[in-house]
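I opened the model and kept notes as I went.

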Amino acid sequence: MSFYTYRNRGNERCPGQADYESLHCITEKVCIQVNKVFDSCLQQESLTGETIVLDGISDATTYTFIGLRNTTATGTLSNLTITRIPDRCNFSRVQADVSIPVQVVLSDATNTEITVPATFTVHKDVVLYVPDASIIPYEIEAVVGVMGISGNVIITGPTTAILNADVCVSIILKVVAVVELLVPAYGYCEIPPCDNFSDSTCDAFFSLPLFPETFGGGCCCCDD
């Protein structure tokens, strides 16, 4: 089974929905080390005509754009600048270039698909709550997602090309720090055994009793 199978429902030592009664099962206060998110924001936008450099392809054929997706959910930040906003306590202007690893799928003149790794970069200029300086420093992180809608490949050299693409971009910028946080706990989590996947064709047969039922079925139904 898993945490969320019906056979594990009601187990207070497994994750699930909490109600008023479950609060009485808290057994201790626990210090855990976690990435605390002090602030975050999401930006989703459609970008047209974005330029992506492609390397390692041949100029001996033409290419047709098929698709584009990010290969990881983590973006790399560069040129990061954090500027305090004087009239807003602990808020700052956060500027950065977010680089997103992507896979570009193309087909050549023979309809053979190829996959080309590349990097797509987006500039961000947002306002976030940024805590004051501390011994344990905060960091700015990016969670990313990119999907290509359409594109046009332009050969620029023997092994290079430029992809002009229309893309959908989702980026979450977060202010995080590794902290030791005190939280209420139910004790250690109970890990349920796994359910092996199996075909359900035989379930009805396997649910039958192994042996025939004894006369009377365990009920007292004798005639007087």
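Accessible areas here come from the Shrake-Rupley method with a 1.4 Å probe; for residues, only the protein chains shown count as cover. On that basis I read about 15400 Å² of accessible surface for the chain, with 55% belonging to carbon and sulfur atoms.

I noted that this is a predicted model: local features need pLDDT of at least 70, side-chain atom pairs count only at pLDDT 80 or more, and totals for chains, interfaces and linings use all residues. Residues are numbered from 1 along each chain as its sequence is written, and side-chain values use heavy atoms, with hydrogens and water left out.

**Chain.** I found 1 helix and 7 strands (DSSP runs numbered from the N terminus: helices H or I, at least four residues; strands E, at least two). The order from the N terminus is β-β-β-β-β-β-β-α. Of the 224 residues, 26% are buried (under 20% relative accessible area; exposed is over 50%, partly exposed in between; 1.4 Å probe, protein chains only).

**Thr64.** I located Thr64 in strand β2, residues 64–70. Thr64 is partly exposed, at 47% relative accessible area. Leaving out residues up to four places away in sequence, Thr64 touches Val105, Leu106 and Ser107 (contact: heavy atoms within 4.5 Å). Val105 lies 41 residues from Thr64 along the chain, with 8.8 Å between their C-alpha atoms.

**Lys174.** Lys174 sits in strand β7, residues 160–185. Which side chain of opposite charge is nearest to Lys174? I get Glu141, 4.2 Å away; Lys174 is buried and has no salt bridge (side-chain nitrogen of Lys or Arg within 4 Å of a carboxyl oxygen of Asp or Glu). Lys and Arg count as positive, Asp and Glu as negative; His and the chain ends are not counted.
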